[in-house]
Amino acid sequence: MALEIIESCVNCWACLPLCPNQAIIQAEPHFLIDAGKCTECIGEFRDAQCVSICPIEGAILDELGEALNPPGSLTGIPPGRWAAVRAEIAAR
Amino acid sequence: MDLPVIDSSPTASGGCAAGSCGAKSGQMDGLTDAIRARVADHPCYSEDAHHYFARMHVAVAPACNIQCHYCNRKYDCANESRPGVVSELLSPDQAVRKTLAVAAAIPQMSVLGIAGPGDPLANPERTFETFRQLALKAPDIKLCLSTNGLMLPAHIDELAKHNIDHVTITINCVDADVGAQIYPWIFWQNKRIHGREAAAILIWQQQKGLEMLVARGILVKVNSVLIPGVNDRHLREVSKTVKAKGAFLHNVMPLIAEPGHGTFYGVMGQRSPTPAELKALQDDCAGDMNMMRHCRQCRADAVGLLGEDRGAEFSLDKIEAMEIDYEAAMAVRAELRAQVSADLAAKRAKEEAQRAAVVPQLIEFQPRAEKPAGRPVLMAVAAKGGVVASHFGHSREFLVYEASSTGARLVGHRKADAYCSGEENCIDGDSLLGRTIKALEDCEVVLCARIGIEPWGRLAAAGIQPNGEHAMEPIEEAAMAVWHEMLAAGKLAPEKTEAKRA
């Protein structure tokens, strides 16, 4: 039972001091979670702390590999809209 | 005196500072002498100072505890000049070394600020460790920080302990319904909170923090981002509220939103305000509050005078190789400050003398002003160090002054891409010049040291008169000389105001 940080992490440090288990590791190219230490904050906080402050959608996964902050949930940008805008810019 | 020359050649970006000034006719009228003295060498808080003094931001604070719709935490581009954007994150030790290196190379350096790229108070250990070391190693450098305010009340004692004299709070609203359209979420008491509830908590903490800072005698500037259709009609109330609570300066900045930035506002097509809309709002608030007009909205790793960014000269590998004599550098800074301070005092005394000589005369001879004294004129100035100094085509920014019968005052600045920066850019020159002219469209005059024939013609065709006859003159004197020429030539009849401003 552990969460996972993936490559879309921007190394912003926000999660690291919040972890009650010191499970977050500063690393390059992105931060990591020590699966042996992570408890998903169960018994300590209502919500996993790293997930609750992470500003990047999709950067933290649960043990099933599901994004805990799915697209659109943090920015409010409808999924697909950003892709459409990027495609439009690339076509210029 | 000869100030060490600061190279204004184009660098990676035309960075800026989250500050404001206006130490003359407009901005600082309401200030006590004690406050004036405290901001006299702070480029972000004093309009006069920003011509002479430099600042730097150290990017030690990567974490943030809120999300703003104008910010995208993924973005990092050296060519992009926006708050919240940096190229290199520093540890406190690295930040201290960089600050000392910059302060040795640029003796105008008077202020060290921490502004991100996240929020300084969401990274309290890194932020306060940097301040602690600098207070010991460079006691002549003023320390300040810029925050979203969420954690201000919690850290107020620590701030006061580190002798931080100036704090900027970004306050975009005092109404949670407005805030819900700006802030999608905050991190508060171990939970992510969304929507109106998040905005209400943030606003409460900001206002409480403002009151606590003022109670401790710390100077507070308030930054607001002008977002058309979201908070434009609300900012007057923000201005009144923060003034009533003791903020001494209000800096209303234009929203920066481009689709390519990937921010909510950029992607969703929220437009930025026009220069005229920004000026109108600043003028509207100015009746109640000291307004800052010289902010350049700089990056969280900006280095140098406002309007320039020399950050690229002080990357970690470069400062590692520098040999620095800290004591000697501090002595050079002290000497330079004394000289600038004497120059500014002489300048103010001269202005006072002129005012004393001229104003009573006007009152005496034109008691009812039967003939209008001439309408105000906006002039764009290619300036450096407080004088008309730059070649039009090399200018990356223009200061905008409003000249009128009561004198010339800074009312804003406009960014421009220096279109004349080498042959390889010439193909683009045409459209860049067009963009510069567009940015200056509400001005009637451009004051510069020199200008080429082609831009001269294009400006004149757009109704903007170039003027290269006042090179190296102080800006206010040059602007007033041109205004009086226009008045004498009968160009300042009042009805033309509407036509040009429409």
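**View 1. Helix α9 of chain B on its strands.** α9(B) lies across β8 and β9 of chain B, at about 160° to β9(B) (axes are lines fitted to C-alpha atoms, for helices over the stretch in contact, with angles from 0 to 180 degrees between N-to-C directions). Helices (H or I, at least four residues) and strands (E, at least two) are DSSP runs, numbered from the N terminus. This is a predicted model: local features need pLDDT of at least 70, side-chain atom pairs count only at pLDDT 80 or more, and totals for chains, interfaces and linings use all residues. Residues are numbered from 1 along each chain as written, chains are lettered from A and ligands numbered from 1 in the order written, and side-chain values use heavy atoms, leaving out hydrogens and water.

**View 2. The buried side of α9(B).** Buried here (under 20% relative accessible area, 1.4 Å probe, protein chains only) are B:L278, B:K279, B:L281, B:Q282 and B:C285. They sit on the same side of α9(B), because they cover an arc of only 165° around the axis (taken from the directions from the helix axis to the C-beta atoms). Their packing partners include β8 (219–226), α7 (235–244) and β11 (377–381) of chain B.

**View 3. The open sheet.** Seven strands of chain B line up as β9-β8-β5-β4-β3-β1-β10, with mixed pairing (strands pair if DSSP finds at least two bridges between them). At the edges, β9 and β10 (303–304) of chain B each pair on one side only. Further in, β5 (residues 166–170) of chain B runs parallel to β8(B), joined by five bridges, and B:T168 stands opposite B:K221.

Methods: Buried means under 20% relative accessible area, exposed over 50%, partly exposed in between (1.4 Å probe, protein chains only). Contact means heavy atoms within 4.5 Å.
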